Amino acid sequence: MAALATVGAQLALPVLLPDDALFKTFETGDNDQLLTTLVDLSSASMHPRSSVYLWGASGRGKTHLLTAVCAAAGHVDMQVMYIPLRDFNDPVHISLLQGLDEYDLVCLDDIDAVSDSPAWCLALFALYNRLADAGKAQLIISASRSALALDCALPDLRSRLQAASSFQLKRLDDEGRQRALQNHAAQRGLQLEDDVAQFMVQRLSRDMHRLMAALDQLDKASIAQQRRLTVPFVKQVLAI
């Protein structure tokens with residue numbers, strides 16, 4: 001069952017978190033240290049307040065990891081807020097940052113969608129200060145670029161972002177993409193054999209967003225037609 005953007009508290013945003021974006025469906029690749037850090041922060045154990053900045057190109061798994069953090073933390077009754085800034089980048093939504101110092105964990109996805117806005121930067125800098133004063137919430141931020149390369153309208157905010165624990169998400173190789181597809185398929189109750197997963201990676205875009213969209217299409221077609229996922233069926237459904 002999908003969770004809403006606020007976990008363990010009053011619902012605030014009409015955002016559904018995907019059911020299959022979990023730690024167990026994330027193909028780690030060369031991102032072991034980042035995964036260990038996020039799993040630790042989403043546990044019920046007490047941690048000193050910290051901030052994590054994870055960055056990488058589209059399709060590397062940033063949103064997957066932030067939503068996985070929310071799911072894991074929600075299961076141990078932590079108060080969690082996830083805000084997809086790319087979907088709420090209009091300055092009218094700056095008020096969403098109010099009250100976040102009351103949470104145990106705050107996830108801000110795609111900060112680069114608002115970092116060129118002076119109004120957003122001032123509000124984010126103020127949020128940093130409130131979180132530091134409260135000494136409670138863990139802050140996890142994602143972006144497509146490093147904090148140093150970020151187009152940021154406020155130098156003080158950039159300094160805060162650079163001070164966070166920074167992790168660059170490494171790209172998966174083809175075998176990793178195949179395993180990622182199979183992990184997500186298994187979570188949906190689908191059996192995706194090695195030859196079918198390999199065919200999809202080789203014939204479709206290697207961008208994970210597109211591969212997951214194709215898997216979603218195949219999932220629906222498989223249910224509707226009561227068919228197994230085979231190479232001929234994949235060719236038919238995806239017209240390749």
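What follows is a short exchange on domains and cysteines.

Modeller: This is a predicted model: local features need pLDDT of at least 70, side-chain atom pairs count only at pLDDT 80 or more, and totals for chains, interfaces and linings use all residues. Residues are numbered from 1 along each chain as its sequence is written, and side-chain values use heavy atoms, without hydrogens and water.

Biologist: How far apart are the centres of domain 1 and domain 2?

Modeller: The bounds come from an automatic or database domain assignment. Domain 1 covers 23-168 and domain 2 covers 174-238. Taken over C-alpha atoms, their centres are separated by 30 Å.

Biologist: How much area do domain 1 and domain 2 bury between them?

Modeller: Buried area is the accessible area (1.4 Å probe) that two parts lose on being put together, summed over both. Carbon and sulfur atoms carry 47% of it here. The total is about 660 Å².

Biologist: Which residue meets E27 in a salt bridge?

Modeller: The rule asks for a side-chain nitrogen of Lys or Arg within 4 Å of a carboxyl oxygen of Asp or Glu. It finds 1 salt bridge across the interface of domain 1 and domain 2. At 2.9 Å, N to O, the partner of E27 is R179.

Biologist: How many disulfides does the whole structure hold?

Modeller: A disulfide needs two cysteine sulfur atoms within 2.5 Å. For C107, the nearest cysteine sulfur, that of C70, is 4.0 Å away. The search count is 0.
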